[in-house]
Amino acid sequence: MPANQFNNFTDYGIGIGLRVPHYDHILSKKPAVGWFEIISENFMCDGGRPLKVLDQILEQYRVVQHGVSMYFGSSEKLNREHLKKLKRLVKRTNTPWLSDHLCWGSVDGRYTHDLLPMPYTFAAAKVTAQRIREARDFLEVPICVENVSSYAEFHVSEMTEWEFLNEVVERADCGILLDVNNIYVSSKNHGFNPFDYVNGIPAQRVAQIHIAGHSKFEKYILDTHDHPVIDPVWKLYERAIQRTGKTATLLEWDDRIPSFDEVHGEALKANQFLKRLENETAKT
Amino acid sequence: MKLPKPSRQTAGEFYALQRLMAAAVMRPLTRGDKMQVKWIDGSPTKVVVNQFIKPNDRLTSFERLEIYNRQYWLRIRQSFYEDYPGLCAILGDKKFERLAGAYLANYPSQSFTLRNLGSRLVKFIQEEPRWVSPHKQRALDLARLEWAHTEAFDNEARSPLKLDDLAGLDAAKIRLQLQPHLTLLKLDNEVDDFLIELKRKSGLRSEASNAMEQNRRHKKTRLAGRLKRKTNFLAVHRYQDLVYYKRLDPGQFRLLTALQNGATLEKACAELAGLKISGDLGATIQQWFTSWAALGWFCSLKQSK
């Protein structure tokens with residue numbers, strides 16, 4: 001049963017990111033995994049091993065696309081060639097939804113290849129929502145935007161990050177990929193209460209949740225996806241699913257990647273929170 | 001109920017802010033990997049940055065933006081290293097980093113994917129060889145080979161022609177197209193052996209993600225000293241999802257290059273005139289085509305009327 005209009009896939013449960021070091025294990029052992037999230041850009045090519053592996057994965061698993069270069073928050077026009085390549089991949093994977101970040105990263109046709117933070121202004125929200133609508137209309141697939149980790153804030157901001165997220169998704173009428181690790185990282189870097197963020201977003205728009213680890217430095221936290229999930233992030237996750245209901249959940253582990261079993265085991269820790277939620281729901 | 005504040009930033013100001021921040025993020029770092037203290041116009045960077053980035057209780061505006069400036073270069077360098085380990089090995093880390101910085105200052109990335117980062121590197125080295133001096137020719141050879149490797153890795157493979165498809169056709173009227181993943185190279189050094197040995201001793205390219213990079217040091221190699229100077233003809237291609245460097249005879253290279261440039265089969269074969277080819281020329285060419293067709297190198301056929 002759909003949890004909300006943007007979450008028709010409550011049966012997806014827990015997934016992990018499809019990463020090169022795990023290819024052989026997955027293809028030979030065929031482990032039971034709810035679904036795999038792929039980085040779209042790694043497969044937006046015209047041939048070779050990436051697409052061959054993807055096709056083998058698609059024969060056995062459900063795949064959801066996650067992008068890192070759409071840059072919904074950039075102030076220039078969407079790149080048509082990019083969209084065409086992405087649409088070819090969407091048709092190949094049959095992804096039920098497609099996510100990318102609420103950020104910008106290119107200007108005047110030059111790419112930084114980073115997820116740069118938005119100024120939280122109404123002007124930025126309007127431009128961003130328009131680009132999300134255009135992308136959705138072209139790609140013909142539901143779109144979810146993910147909150148990013150950030151290390152800087154702008155003087156010009158007119159609202160909090162979660163108010164900005166609300167403003168964008170309401171204007172664009174799109175879903176949210178809620179990254180609770182990113183909320184935690186940004187809360188430490190900017191000094192806000194992460195629960196205010198989780199409590200402040202429109203739960204009815206959350207289609208997916210990301211969990212991940214990070215690296216702590218003396219004066220800031222960096223979103224490195226190279227550690228297990230820490231307890232405060234699990235607590236945010238627990239609060240998030242209390243608000244959203246059962247939601248497709250994905251563990252990101254992108255650097256210093258351990259064995260498949262270790263990554264999968266870490267992801268499956270989310271089950272205890274989902275089961276607790278199920279029990280609580282059953283009682284009421 | 002609290003009403004939203006009226007809009008203050010305009011769309012034009014939003015665009016201007018992104019241009020300003022992108023300029024700061026993509027500016028080269030100092031030799032100590034810090035953000036430059038002077039802005040483009042010579043004024044203090046911190047004064048410029050203070051105008052748009054908020055400080056917090058631990059970091060100044062300058063330090064907060066510096067995180068992005070450093071991450072940009074870390075990511076770019078890492079990607080460059082993964083795509084050009086051979087070039088890095090002959091130049092050394094420092095020189096390689098300076099080359100990457102100068103190249104990107106001239107040719108910033110214009111693609112959504114880091115895969116295309118090196119697409120204009122050969123052109124840049126030809127334009128500004130001082131960044132690879134005194135290794136210009138070796139650097140050019142490696143830049144060509146490593147870019148060809150990238151192209152071979154994931155370019156399209158079209159349905160291959162079989163040798164039978166050519167039987168009975170008029171060589172004066174047919175043009176054969178080579179696979180998009182195949183690159184023909186004439187090199188001055190035996191960089192293929194060098195690169196194979198180097199990769200055997202190290203890891204493979206990684207993939208894109210949205211995570212921040214942490215600094216990595218690369219092992220220097222002594223293999224560069226053993227790089228041999230010798231004219232070398234190569235076909236860089238993909239076969240059964242693996243990239244291969246196939247050495248070619250001068251005649252094979254000349255014939256294939258002519259076909260790739262759109263010559264008819266007859267004219268391409270005529271390119272062999274003047275070359276010393278042992279044995280029966282017709283039988284030799286037949287043998288070559290059998291081998292190339294088995295590798296799936298030909299993907300389409302055009303016939304003139």
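Guide: Two strands pair if DSSP finds at least two bridges between them. Strands (E, at least two residues) and helices (H or I, at least four) are DSSP runs, numbered from the N terminus. This is a predicted model, where local features need pLDDT of at least 70 and side-chain atom pairs count only at pLDDT 80 or more, while totals for chains, interfaces and linings use all residues. Residues are numbered from 1 along each chain as its sequence is written, and chains are lettered from A and ligands numbered from 1 in the order in which they are written.

Visitor: Which strands form the open sheet in chain B, and in what order?

Guide: Three strands, in the order β3-β4-β5 of chain B, with antiparallel pairing. β3 (183-189) and β5 (242-248) of chain B are the edge strands, as each pairs on one side only. From one strand to the next, the twist averages 30 degrees. β3(B) is joined to β4 (residues 229-239) of chain B over six bridges, and B:L184 stands opposite B:A235 in β4(B).

Visitor: How do I read the angle between two helices?

Guide: Axes are lines fitted to C-alpha atoms, for helices over the stretch in contact, and angles run from 0 to 180 degrees between N-to-C directions. In chain A, the axes of α3 (residues 80-93) and α4 (residues 122-139) come within 10 Å and cross at roughly 50 degrees.

Visitor: Which residues make the contact between α3(A) and α4(A)?

Guide: Two residues are in contact if their C-beta atoms, placed from the backbone, lie within 7 Å. Here α3(A) brings A:L83, A:L86, A:K87 and A:V90, and α4(A) brings A:A135, A:F138 and A:L139.

Visitor: How many residues does each chain give to the contact between chains A and B?

Guide: Chain A gives 54 residues and chain B gives 52. On the side of chain A that touches chain B, β6(A) gives the most, with seven residues. That side divides into 22 nonpolar, 19 polar and 13 charged residues. For these classes, Ala, Val, Leu, Ile, Met, Phe, Trp, Tyr, Cys and Pro count as nonpolar, Asp, Glu, Lys and Arg as charged, and the others, Gly among them, as polar.

Visitor: Which strand of chain B pairs with β8(A)?

Guide: β1 (residues 53-54) of chain B pairs with β8(A) in the antiparallel sense, over two bridges. There, A:E153 stands opposite B:K54.
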